Amino acid sequence: MTHRSLLPVLSFIALPLAALASPSGLNNIPTADTAPDLVPVIQAYTTFGENRKPDHTAGMKIGFGPWDKAAWNSRFEAGIDSHFAPDSAGPAVFQVKYAVKPWEEGPDLSIGSANLAVNSTDRARAGQPFSYGVLTHDFKQFRLHAGYGFQHRGNTALLGIDKTFKVLERDLMLRGDAVQIQNERQWQPSVGFLYAINSWLVWESWGSFPIETGRPSFTLKLNFVLDFKKK
């Protein structure tokens, strides 16, 4: 399994209004990564911190890239997520992403939208849609990510870096990113890791640390990669 198929994702703590339906990315930002073609990924994650209840979310995402000679290596991703505890469960929200590699030696480009609720009542609970564009470039020694996200009172620059190693013959990705929160009033960096326990189970964990005001929060996440095509 390569780092492209490890499926790191957004956390709802970093983009407070773009909380759910997380696209593949680092800790708190989307990247140009997508889930493998026609491979469902079941996700369960918990965010916790001082003076707050743990918040539990579950969802699913799947990639679409079935074309051997697609222009610019075009590929898609779609997903659905929902808060389920504590308090009332829901609402279900969706995400979609399109990623391409327009330059042979240059970065990959992705555009997408997350936190897509189906009606005004659900948007009142989950927040407004979060749309973004991100560039991801592999420098071999590490990868860099940069882009911008658009949301009502939630615009943010998207910055990130990751590096993948082999540990016990499995991929370990160290990663960090930074977003703007509180309507661009302050920055929130995060650091974390992703480890492929085996071919079907990926463990993620990270901490997010507002620079000026607010308390740190921490996320634990499991990804169940249901690749039935493997023999």
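The model is predicted, with local features requiring pLDDT of at least 70 and side-chain atom pairs pLDDT 80 or more, while totals for chains, interfaces and linings use all residues. Residues are numbered from 1 along each chain as its sequence is written, and side-chain values use heavy atoms, without hydrogens or water.

**Exercise 1.** Decide how residues 1-20 should be read.

Solution. The mean pLDDT (the predictor's confidence in each residue, from 0 to 100) is 87 for the chain, and 88% of its residues reach 70 or more. Over residues 1-20, however, the pLDDT is below 50, although this stretch has 111 contacts in the model beyond near neighbours in sequence, a contact meaning heavy atoms within 4.5 Å. Where pLDDT is low, the predicted coordinates should not be read in detail.

**Exercise 2.** Trace the pairing of strand S4 (residues 92-100).

Solution. Strands are DSSP runs of E, at least two residues long, numbered from the N terminus, and two of them pair if DSSP finds at least two bridges between them. On one side, S4 runs antiparallel to S3 (residues 75-85), joined by eight bridges, with valine 96 of S4 as the bridge partner of alanine 78. Six residues lie between S3 and S4 in this hairpin, and aspartate 87 in the turn has a positive phi of about 65°. S4 also pairs with S5 (residues 108-116) in the antiparallel sense over six bridges, where alanine 99 stands opposite serine 110 in S5.

Definitions and conventions:
Helix = DSSP H or I, 4+ residues; strand = E, 2+ residues; numbered from the N terminus.
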